[in-house]
Amino acid sequence: MKLWGGRFTKNTNSAVESFHSSISFDSKMYKEDICGSIAHAQMLGKQGIISPDEAKQIVDGLNSILADIEAGNVEFTVEAEDIHMNVETILTERIGATAKKLHTGRSRNDQVALDMRMYTMNKTKEVQQELKELMSALLDIASSHTSSYMPGYTHLQKAQPITLAHHLMAYFNMFKRDYDRLKDWHKRTNLSPLGSGALAATTYPLDRNLAANSLGFDGITKNSLDGVSDRDFVIELCSCLSIIMTHLSRFCEEFILWASNEFSFIELDDGYSTGSSIMPQKKNPDVAELIRGKTGRVYGSLISILTVMKSLPLAYNKDMQEDKEMTFDALETVTGCLSVFTGMLKTTVFKVENMKNAALRGFTNATDVADYLVNKGMPFRDAHAVSGKLVFYCIERSTDLLSLSLDEFKAQSDLFENDVYEAISLETCVEKRIVDGGPSKVSVDKQIKNAKEMLLKI
């Protein structure tokens, strides 16, 4: 008979039994479920709701179940529906009637909300650790390339010269924001819903703060209805994970481009590439492509949970059972993608000469031609026009700005002198940009130094 079966006269339909059960996926939360039950039992004992001996018997039984699960000696059943009732059923088999007192003052509604908060917070620590590993790798590589020049792009068109270190530090800042978002998410998630009951709390004299403190929560949820029906923390987590994947996908897209013969900016390690079954010359960036593809999978989790929650009346509804599989999958996908991407990044060879030559060929110093004229007294809009005409002149003759003679410069403006060549050299274009956040070695060294100090503190 079901633990909730007193009101029923018929057994659950066999098809519904399987359809209704969540044990196939919520069994992942066994540790959180048992820890939550231990805290609840201890609180019941301290509050005199059950006797201290009963509380100890329950706690000992739960600890033995936890040990057996981790040893692989427990088999869960569909008939018991979910992780909560599986654990309670096993506990009853082991310690008898005392186990039936565990659920006093508690509902599966606040129990599952508790488990989800604890599980996601635990798993998110793994994501944060992977982000730290990736940020550390970026800093190591950037430190070696503060003078490795390359073209910066807008609209995927060569725009202005930067350094590889500057480019990598842009991604460092993205992943640092990702880390901070998860840290901020943790503040709102780290509140215990235990004691909310089904929706209207309970008449038993529970000490919600006692249970919350023993589980490491910062406090308790402030409204019992909200405590059991809130899945904002799941939505927000899936949003944070989606943004991480956005950043990974953008980085992967660049790696895919850079590994192509047309760019030839990088050489991917053989261990992070695959070949073709028919074309022997191929070296495919499959890792980067898979991460780019899995981004859509994580986005799907976010859209799914938003759709599930968008029209649910208070309080708990069975629809909310659907939050688990998508969230678990998103967490596992992001953790795996971060790990393999960091490995790919660490083993990638950057072809710095090709990058430098690409910056030289793309008129990335055209803005500096205009700035040169501005420094000679010409209004910027006029200088912009002169520089544009010089670029067009070069395109017609298949040459570049640095290859023009002084007479060719002067044909557009008498303000040009021999110092123009130094002013628009690749090195000058980058190294004069010393403003905070800029691409010069001085600026990027400062960025890296500050980032390393920050990383040591988190």
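Colleague: How many disulfides are there in this model?

Modeller: A disulfide is a pair of cysteine sulfur atoms within 2.5 Å. By this rule the count is zero. Cys 240 takes part in no disulfide, since the nearest cysteine sulfur, that of Cys 238, lies 9.3 Å away. For Cys 252, the closest cysteine sulfur belongs to Cys 337 at 7.8 Å, which is too far for a bond. Please note that this is a predicted model, in which local features need pLDDT of at least 70 and side-chain atom pairs count only at pLDDT 80 or more, while totals for chains, interfaces and linings use all residues. Residues are numbered from 1 along each chain as its sequence is written, and side-chain values use heavy atoms, with hydrogens and water left out.

Colleague: Is Cys 252 buried or exposed?

Modeller: Buried means under 20% relative accessible area, exposed means over 50%, and partly exposed lies in between (1.4 Å probe, protein chains only). Cys 252 has 0% relative accessibility and therefore counts as buried. Cys 240, at 5%, is likewise buried.

Colleague: How should I read a phi angle or a peptide bond?

Modeller: Most residues other than glycine have a negative phi, and most peptide bonds are trans. In this model, His 155 has a positive phi of about 55 degrees although it is not a glycine. His 155 sits in the loop between strand 1 (149-154) and strand 2 (157-163); here helices (H or I, at least four residues) and strands (E, at least two) are DSSP runs, numbered from the N terminus. With 76% relative accessibility, His 155 is exposed. Ala 201 also shows a positive phi, near 60 degrees. Its loop runs between strand 3 (191-192) and helix 8 (208-214), and at a relative accessible area of 39% Ala 201 is partly exposed.

Colleague: Which residues does a cis peptide bond join?

Modeller: Leu 314 and Ala 315 are joined by a cis peptide bond, with omega about 5 degrees. Ala 315 is found in the loop between helix 11 and helix 12.

Colleague: Which residues does Pro 285 touch?

Modeller: Contact means heavy atoms within 4.5 Å. Not counting residues up to four places away in sequence, Pro 285 touches Ile 256 and Leu 268. Leu 268 is 17 residues from Pro 285 along the chain, and their C-alpha atoms are separated by 7.5 Å. Pro 285 lies in the loop between strand 5 (266-267) and helix 11 (286-309), and is buried at 11% relative accessibility.

Colleague: At what angle do helix 6 and helix 12 pack?

Modeller: Axes are lines fitted to C-alpha atoms, for helices over the stretch in contact, and angles run from 0 to 180 degrees between N-to-C directions. Helix 6 (residues 108-143) and helix 12 (residues 323-347) pack at about 15 degrees, with their axes 9 Å apart. Angles under 35 degrees count as roughly parallel, over 145 as roughly antiparallel, 65 to 115 as roughly perpendicular and the rest as oblique. Helix 6 and helix 12 are therefore roughly parallel.

Colleague: How does helix 6 lie relative to helix 19?

Modeller: The axes of helix 6 and helix 19 (residues 441-457) come within 11 Å and cross at roughly 150 degrees. That makes helix 6 roughly antiparallel to helix 19. Among the residues in contact are Lys 132 and Met 135 of helix 6 and Ile 448 and Leu 455 of helix 19.
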